[in-house]
Amino acid sequence: MRVSKRATSAIALSAAAALVASGCSSGDSDGDAAATKDGAIVIHGVQPENPLVPSNTTETGGGKIIDWMWTGLVEYPNDGGAPRNALAESIDTKDSKVFTIKIKKGTKFHDGTEVKAKNFVDAWNWAAYSPNGAQNGSFFSDIEGFDKTYTEDPDGADGPQKAPEPSAKTLSGLKVIDEQTFEVTLAAPTAVFPTKLGYSAFMPLPDKFFTMKPEEFGKNPIGNGPVKFVSWQDNVLIKLTRFDDYNLRDKMKIKDVDVKLYQDETAAYADLLANNLDFMEVVPTSALAGDKWKADLGERGINTVTPSTAFIAFPIYDKRFQNPKLRRAVSLSINRQEISDKIFFGTRKPADSWANPLTPGAKPGNCTACKFDPTTAKQLLTEAGGFTGEMVFYYNADSSHKDWMDAVAQQVKTNLGIEARAEGIPTFAVFRQNINAHKMTGPYRAAWQQDYPDVENWVNPLYVKGGSSNDGLYSNPQVDTLAKQASAAPSLEASHEAFAKAVEVVDQDVPSIPIYFYGQQSGHSEKIKKLELNNVGELDITSVEL
C-alpha cells in the first residue's frame, strides 16, 4: 500500500476556511510583488523512493515534486470543485468507451520541445508494457489491449518463473489522430475515466525520455509544469525553479523552490519555528499535545482535513499472515479511539470505513473489522490457530509514526497476548524499497492519499490482484470480479453501488487495517504572505506570494 500516497484530487474540504483562519486567505494580498517575483522558498520533503518518472512514482516523497513539475490533461481545483481541463482542450465521448482528447497547442516541455498528442500516447504505452516495470502500470488497465501488453509474474518476484513476454508492445486502444489529438478506446465503458486523467500516471513524457534509461531521465527529469528541475543531492536537497515558458493558468509567482530532504521531523519543525523552513505540511506529533503547535506558530499555523487514511498493511505473501481470522483478530484488538485521543489529541478521527468518507462514492461505517472488540479478537485468534513468535510492526522512522505504532503494538500484545513490538526503519525510501521488494516480515505502516476523487481509487489499486499499490499481494477472485463490474458500470452512481459490494468482501478478508482518518496541521514561515493548499493538503506552490 502506498505510504502517504501522493495526488491532487477534487474533494470538498475545509481547506479554504482553514486558510482564512491562518491569515493566508485568497483575498487581497499584502505581499511584495518584487520580492515575490524573484523570491525563493524552502519546503520540507523526504528522499524520493525512485528516480522521478511519473508512471513509476507511487509515494509522496517524489510524488509532490512530480505534481509540481508536470501538468496533465485535467486538474483538480483547490476549492474542491469538479475536475476541469488543464492541458486538454476537450475530452469528448458519446458512450464512455471511446474518448477523443484534444490538447492545447503551443505548450512546452522544459527542454523547449512542444507537448503533442504522441507524448501522451507514447508515455501511456511505455507504462502499460509490463517489462518496463512501471509501478503505476495497472492504471492503464481500462484501456483496450492492456491484457496484451501487461503480464504478471506467476510466482512472484522471488519465484523461479518469469512473467511471460507480452504479446503486444502498445495498447490497441490508443491512436494518434493528429499532433494535438488522440483517441482512447476502453475495454468497457468507464464513467470515471476522465476524472482519472489528472493523476500523475497519465502525464506526458518528452521524446528525450525514450532515448534514455528511465533511471537516468528520472535523476534529471523533464516535465511540462510550472517549475522545472535544477538539481538533486540525495538525502539533502532537490532544487526547482520557475519555467518561464509555461503558458497555462497556474503560473508561478515566485522563482525558486528548494525541497529540503529531512531525516528527522523534529529538526524540520525547529527550522520552521526559526523561519529557516518556509512550509511544513504536517507538524510532528510531539507538537500536538496541548495545542503546542498553535502556540508555537500562531497565525502561521493551518488546520485542515484531507481525504487520507492511515492503515496497517499485512504482508500476505508471508504464510503467517494468510489467515483472514488472524488479520481480523489483530484489527479488532486495536482501540482506535484511544490512539486518537492519547497520541493525536483528537486531531485524527478513528477510521470506521475502507474509503475515506470525504471521497465521492465512499460509504461511511462499512469497516466491521474496525470495531474495538478484544473478546471476539481473542476468539478469532484461537480459531486461526494462534500466532507463534514475535509480531513486529514496522514504520519509517523519519516521520512522526513511532508513538502510534508503539501504541498499536502494545494493544495487540495486551489484548491478544502476542509478543508484539514496533520497529522503525530509518528512512522512508528504504522502507518503501523493502515493501516493493516484498521483503516485509511483519505488518507495516501504510497510508492512502487518493489519486483522484472517486471510491474506485480506494479499491482497484489496493485490493485488486496486480493493483499498483497492492503491496501485500492480497488476492480474492470475487473482489476482482466485483471491481471489474463496478469499473464498467454505466454511471458513477451505479459504479459506486457496485464497488460497495466489492468492499463488503474486502471487509471480511481484512487485507489491511484502517486506523485513522487524517487531520492536518501545517505551518509556514513569516516570509510567506499568501498560500493555498490543494485539496489533499499539499502546498500549491503556484499560489505562494511573499
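A residue counts as buried when its relative accessible area is under 20%, as exposed when over 50%, and as partly exposed in between. Keep that in mind for the views below, which show a predicted model.

**View 1. Strand β7 and its two neighbours.**
Let's start with β7, the strand made of residues 181-185. Four of its five residues are buried, so this strand is largely enclosed by the rest of the structure. On one side of the pairing list is β5, which joins β7 in the antiparallel sense over five bridges. The other partner is strand β6 (residues 174-178), also antiparallel to β7, with four bridges. A hairpin is formed by β6 and β7, with two residues between them.

**View 2. Strand β10 between parallel and antiparallel partners.**
How many bridges join β1 to β10? There are six, linking residues 40-45 of β1 with residues 256-261 of β10, and these two strands run parallel. Strand β9 (residues 237-242) also pairs with β10, here in the antiparallel sense and over five bridges.

**View 3. An aromatic pair within helix α4.**
The structure holds 22 aromatic pairs. In the pair of F120 and W124, the ring centres are 6.3 Å apart and the planes meet at 85°, so the pair is edge-to-face. Both residues belong to helix α4 (residues 117-128), where they sit four residues apart, about one turn of the helix. F120 and W124 are both buried. They also belong to one aromatic cluster, together with F99, F140, F182, F193 and F202.

W354 is in the loop between β13 (349-350) and α12 (374-383), while Y463 is in helix α15, so the pair ties together parts that are 109 residues apart in sequence. Both W354 and Y463 are buried.

**View 4. A lysine over a tryptophan ring.**
In this view K219 lies over the face of W232. The distance from K219 to the ring centre is 3.6 Å.

**View 5. The second largest pocket.**
Next comes an open space of about 840 Å³, the volume of the second largest pocket. Helices α5 (146-149), α15 (460-463) and α16 (477-487) are the elements that each give two or more residues to its lining. Which element gives the largest share of the lining? That is α16, with four residues. The lining has 29 residues in total, and S141, D142, F146, V464 and K484 lie nearest the centre of the pocket. Sorted by class, the lining includes 11 nonpolar, nine polar and nine charged residues.

**View 6. Two loop residues with a positive phi.**
Most residues other than glycine have a negative phi. S96 has a positive phi of about 60° although it is not a glycine. Its place is the loop between β4 (88-93) and β5 (98-103). With a relative accessibility of 21%, S96 counts as partly exposed. N235, another residue that is not a glycine, has a positive phi near 60°. This residue is found in the loop between β8 (227-233) and β9. Is N235 buried or partly exposed? Its relative accessibility is 35%, so N235 counts as partly exposed.

**View 7. N50 and W404.**
Our last stop is N50, in the loop between β1 and α3 (60-69). N50 has a relative accessible area of 17%, which is under 20%, so N50 is buried. Along the chain, N50 and W404 are 354 residues apart, and their C-alpha atoms are separated by 27 Å.

Technical notes:
Residues numbered from 1 in each chain as written. Predicted model: local features only at pLDDT ≥ 70, side-chain atom pairs only at ≥ 80, totals over all residues. Heavy atoms only, no water. 1 Å grid on protein atoms, 1.4 Å probe; cavity = no way out; pocket = protein on both sides within 12 Å on 5 of 7 lines; lining within 4 Å. Points joined across faces, edges and corners; volume = space filled by probe spheres on them. Nonpolar A, V, L, I, M, F, W, Y, C, P; charged D, E, K, R; others polar. Pairing = 2+ DSSP bridges. Phe/Tyr/Trp six-rings, centres within 6.5 Å; stacked < 30°, edge-to-face > 60°. Buried < 20%, exposed > 50% of the residue type's maximum accessible area, 1.4 Å probe, protein only. Lys NZ or Arg CZ within 6 Å of the ring centre and 35° of its normal.
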